[in-house]
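Visitor: I have just opened this one and have not looked at it before. Can you take me through it?

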Amino acid sequence: MARPEWVTYSDEEIEEMILKFNREGKSTSEIGIILRDQYGIPSVKDVTGERITQILKRNGQAGEYPEDLLNLIKRAVNIRDHLDENPKDLHSKRGLTIIEARIRKLASYYVNEGALPEGWRYNPKEAALLVK
């Protein structure tokens, strides 16, 4: 897609905004939403030719783990905490099983893509430390 004509920001200005929001603790999806809603930039990739995560990696500010994987791990940790207090909640147990299956599947994808180190495995105890 071509660069929209209403976007008046240069690639350097957009990159500075992305880096600033990342330093403020915003996730990549939050940065994209802010740029879309407040600055009128519909898609960073369409305007700059790079995705937000690529820009962050190039500047050495990318997170250690992909955002979607971290969000699933946070959900799994929250459900495990809930199950500690409510061990008979069978619906949540099933939900945890499904979420952890998604985590393992996504992790194997990221290992194949090189975003995670070879041999990375999901461990619920380590995940709780990672998230907190």
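This is a predicted model: local features need pLDDT of at least 70, side-chain atom pairs count only at pLDDT 80 or more; totals for chains, interfaces and linings use all residues.

Visitor: Where is Ala-127 found, and what is it in contact with?

Guide: Ala-127 is found in helix H7. Leaving aside neighbours within four places in sequence, Ala-127 is in contact with Ile-73, Val-77 and Tyr-122. Contact means heavy atoms within 4.5 Å.

Visitor: How far is Ala-127 from Arg-80 in space?

Guide: The C-alpha atoms of Ala-127 and Arg-80 are 11 Å apart, and the two residues are 47 apart in sequence.

Visitor: Stepping back, how many helices and strands are there in the chain?

Guide: The chain has seven helices and zero strands. Here helices (H or I, at least four residues) and strands (E, at least two) are DSSP runs, numbered from the N terminus.

Visitor: What is the radius of gyration of the chain?

Guide: The radius of gyration is 18 Å, well over the 14 Å that the globule rule gives for 132 residues, so the chain is more spread out than a compact globule. The radius is taken over C-alpha atoms, and the rule is 2.2 Å times the number of residues to the power 0.38. Along its principal axes, the C-alpha trace spans about 55 × 30 × 25 Å.

Visitor: What share of the residues is buried?

Guide: Of the 132 residues in the chain, 31% are buried. As for contacts between residues at least 6 apart in sequence, 61% join residues at least 24 apart.

Visitor: Switching to rings, how many aromatic pairs are there?

Guide: The count comes to four aromatic pairs. Rings of Phe, Tyr and Trp (its six-membered ring) pair if their centres lie within 6.5 Å; planes under 30 degrees apart count as stacked, over 60 as edge-to-face and the rest as tilted. One of the pairs is Phe-21 with Tyr-39, which is tilted, with 6.1 Å centre to centre and 55 degrees between the planes.

Visitor: Which helices do Phe-21 and Tyr-39 sit in?

Guide: Phe-21 is in helix H1 (residues 11-23) and Tyr-39 is in helix H2 (residues 28-39), so the pair links distant parts of the chain, 18 residues apart. Phe-21 is buried, at a relative accessible area of 6%, whereas Tyr-39 is partly exposed at 26%. Tyr-9, Phe-21 and Tyr-39 form one aromatic cluster.

Visitor: What about Tyr-65 and Trp-120, what kind of pair do they form?

Guide: Tyr-65 and Trp-120 form a tilted pair, with 6.0 Å centre to centre and 55 degrees between the planes. Tyr-65 lies in the loop between helix H4 (52-58) and helix H5 (67-85), and Trp-120 in the loop between helix H6 (90-113) and helix H7 (124-131), so the pair ties together parts that are 55 residues apart in sequence. Both Tyr-65 and Trp-120 are buried.

Visitor: Back to H1. Is Glu-15 buried or exposed?

Guide: Glu-15, which is in helix H1, is buried with a relative accessible area of 19%. Apart from neighbours within four places in sequence, Glu-15 is in contact with Ile-55, Arg-58 and Asn-59.

Visitor: Where is Asn-59 found, and what else does it touch?

Guide: Asn-59 is found in the loop between H4 and H5 and is partly exposed, with a relative accessible area of 32%. Not counting residues up to four places away in sequence, Asn-59 touches Glu-15 and Leu-19.

Visitor: Last one: which residues does Gln-61 touch?

Guide: Gln-61 touches Leu-19, Asn-22, Arg-23 and Leu-56, not counting residues up to four places away in sequence. Gln-61 is also found in the loop between H4 and H5, and is partly exposed at 24% relative accessible area.

Note on methods
Residues are numbered from 1 along each chain as its sequence is written. Side-chain values use heavy atoms; hydrogens and water are left out. Buried means under 20% relative accessible area, exposed over 50%, partly exposed in between (1.4 Å probe, protein chains only).
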